[in-house]
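Please read them with the structure open.

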Amino acid sequence: MPLTRDAVLVAVATLGTTLAPWGLAFIQSYAVDKKLTVEDLRYERVDVIVGAVLTGVIGLFIVVACAATLHVNGITINDASDAAGALEPLAGQLAATLFGLGFLGAALLAACIVPLSTAYSVAEAFRQPGDINDRFTEARLFYLSYGAMVLLAAIVLIPGAPLVSILFLSQALNAVLLLLILPFMRRLAQDQAVMGDHALGLTGKLTTGITLALIAASVAALAVLSAT
């Protein structure tokens, strides 16, 4: 990988979208919302691991598909229509429609899950009810936060909005936020008084420590290259 600002930005954005802070908050919050017990956590772990593996596998095929179609022809992705071109050799004239349907599905999922993660976090921060089964009158802050995030996300609907730039920069911001969130989560996970027998062991401490170091090094490299 070339040590340029653009290349490091891609790497940092990839870290941010893979270890998304909102995702970490969402996992723990929906586990509480679903009223999972300690005995259920082994199934929750399977859910998380399978999701993580599938994310990597799908991401790999996206990279391969773009490399074999767009990159070899010198095509740069500046907007969604450029990305749809990767499917044209396979889907022909239906490429744009197929890509659009996939994009719509991903957008609907994100529109539901990401604001929900924020609503969970806001409600928990103010020690207010934050349960999907609650009525609006029982969890006003939770539902108002959710609605506010959906409205804020509408910025991507502005005609001519630089979607690729928004995508990259928001995911890079995620990586920066990880440096603020992960140390606290790691410390909490090591606390025997809170976690009991489920506290982080030596392996967990090493892997989370290495992960934090790699994220910090990547963000620092981006900061240095951006300043020069």
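1. Among contacts in the protein chain between residues at least 6 apart in sequence, 54% join residues at least 24 apart. The model is a predicted one.

2. The protein chain holds 10 helices and 0 strands. Read from the N terminus, its elements run α-α-α-α-α-α-α-α-α-α.

3. Along its principal axes, the C-alpha trace of the protein chain spans about 55 × 45 × 35 Å. Of its 228 residues, 20% count as buried. The accessible surface of the protein chain is about 15,300 Å², and 72% of this belongs to carbon and sulfur atoms.

4. Helix H8 (residues 163–190) and helix H10 (residues 202–227) have axes that come within 10 Å and cross at roughly 165°. H8 is therefore roughly antiparallel to H10, since angles over 145 degrees count as such. The crossing of H8 past H10 is left-handed.

5. On the H8 side, the contact is made by Ala175, Val176, Leu178, Leu179, Leu182, Pro183, Arg186 and Gln190. H10 contributes Lys205, Thr208, Gly209, Leu212, Ile215, Ala216 and Val219. Sorted by class, the contact of H8 with H10 has 10 nonpolar, 3 polar and 2 charged residues.

6. Is serine 117 buried or exposed? Serine 117 has a relative accessible area of 2%, so it is buried; the cut-off for buried is under 20%. This residue lies in helix H6 (residues 95–125).

7. Leaving aside neighbours within four places in sequence, serine 117 is in contact with Trp22, Ala25 and Phe26. Serine 117 and proline 21 are 96 residues apart in sequence, while their C-alpha atoms are 9.6 Å apart in space.

Definitions and conventions
Residues are numbered from 1 along each chain as its sequence is written. This is a predicted model: local features need pLDDT of at least 70, side-chain atom pairs count only at pLDDT 80 or more; totals for chains, interfaces and linings use all residues. Side-chain values use heavy atoms; hydrogens and water are left out. Helices (H or I, at least four residues) and strands (E, at least two) are DSSP runs, numbered from the N terminus. Buried means under 20% relative accessible area, exposed over 50%, partly exposed in between (1.4 Å probe, protein chains only). Contact means heavy atoms within 4.5 Å. Axes are lines fitted to C-alpha atoms, for helices over the stretch in contact, and angles run from 0 to 180 degrees between N-to-C directions. Angles under 35 degrees count as roughly parallel, over 145 as roughly antiparallel, 65 to 115 as roughly perpendicular and the rest as oblique. A crossing is left-handed if the near helix is turned anticlockwise from the far one by less than a right angle, and right-handed if clockwise. Ala, Val, Leu, Ile, Met, Phe, Trp, Tyr, Cys and Pro count as nonpolar, Asp, Glu, Lys and Arg as charged, and the others, Gly among them, as polar. Accessible areas come from the Shrake-Rupley method with a 1.4 Å probe; for residues, only the protein chains shown count as cover.
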